[in-house]
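The sequence and structure are shown first.

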Amino acid sequence: MTAGPGPAGRDPGLQPERTRLAWRRTTLSAAVVAVLAVKTALHGGASGTGVVLCAVCCGLWLGFLRVAHHRIRTLSAGSPPPALTPRHATTAVLCAVAMAACAAVLVV
Amino acid sequence: MSEFVRNIRLWFAPERVREEGGTPDYRFSLANERTFLAWLRTALALIGGGFAVDQFLPDLRWAARVGLALALLAAGVLCSLRAVNHWVRCERAIRRGEDLPASRFPAMLSLVVAVVAVAMVVVVLVGWEG
């Protein structure tokens, strides 16, 4: 790891950009899960529980998007970019876990 | 087990990770972050698989369908919790200049996915017969 940020202040390995794209990919995966949740919840007519869980899953996806967006802004703001904070990592993971909990309720 | 509890406390406390050791090259931290995100995507894929089993195998008996779906969902939850735990442990090891933690989890997850895949093949074949 000898090649630091270049003269123009740009990392030749494009690490912040790759990390930003990783966040984008993960947000997209979460969107797929949310869409599947909506399809399951509204399958065969909308019930009260279905609509509520549908809204919860969309809210969880928005929460994930918020974390991802915040992180992407932090990555592009400073050079060198600061490390991810455990609070954000835990929030992202809890969104995924809560989606799984919604899924368990919908499936059973 | 107390090690695990201490790790859980670290999940929520950014300042405590920062206190330990020196600040590493930011590229190591970013690489660790991308690995964490890759595990999180794996977890999301497992959760999506749970939904897919429920939605796209409607001819199965209720018990088989719900059992498979819950197994995939549980694997997803486990995988995401382990992702953040492993990320914290790696971050701390990088800061302290220690070796990265070794883990049996990838091998276990592969076995679980293989078992679920075989179970799914069997269940679909049996479902067709009946």
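The sections below describe a predicted model, beginning with the contact between the chains.

## Contact between chains A and B

Chain A contributes 38 residues to the contact, and chain B contributes 39 residues. On the side of chain A that touches chain B, the elements giving two or more residues are α1 (15-41) and α3 (86-107) of chain A. The largest share of that side comes from α1(A), with 16 residues. Sorted by class, the side of chain A that touches chain B comprises 25 nonpolar, nine polar and four charged residues.

## The largest nonpolar core

The largest nonpolar core holds 55 residues. Those that touch the most other members are A:Ala37, A:Ala96, A:Met99, A:Ala103, B:Leu40 and B:Ile47. At least two residues of this core are supplied by each of α1, α2 (48-77) and α3 of chain A, and by each of α1 (2-12), α3 (26-56) and α4 (62-96) of chain B. The largest share, 13 residues, comes from α4(B).

Beyond its neighbours within four places in sequence, B:Leu40 is in contact with A:Thr26, A:Ala92, A:Val93 and A:Ala96 in chain A, and with B:Ser80 and B:Ala83 in chain B.

## The surroundings of A:Thr40

A:Thr40 belongs to helix α1 of chain A. This residue is buried, because 23 other C-beta atoms lie within 10 Å. Excluding neighbours within four places in sequence, A:Thr40 is in contact with A:Leu106, B:Phe51, B:Asp54 and B:Gln55.

A:Thr40 and A:Ala103 are separated by 63 residues in sequence, with a C-alpha to C-alpha distance of 8.6 Å. A:Ala103 is also among the core residues that touch the most other members.

Key: Residues are numbered from 1 along each chain as its sequence is written. Chains are lettered from A and ligands numbered from 1 in the order in which they are written. This is a predicted model: local features need pLDDT of at least 70, side-chain atom pairs count only at pLDDT 80 or more; totals for chains, interfaces and linings use all residues. Two residues are in contact if their C-beta atoms, placed from the backbone, lie within 7 Å. Helices (H or I, at least four residues) and strands (E, at least two) are DSSP runs, numbered from the N terminus. Ala, Val, Leu, Ile, Met, Phe, Trp, Tyr, Cys and Pro count as nonpolar, Asp, Glu, Lys and Arg as charged, and the others, Gly among them, as polar. A nonpolar core is a set of buried Ala, Val, Leu, Ile, Met, Phe, Trp, Tyr and Cys residues joined through C-beta atoms within 7 Å. A residue is buried if 20 or more other C-beta atoms lie within 10 Å of its own, exposed if 12 or fewer, and partly exposed in between; C-beta atoms are placed from the backbone.
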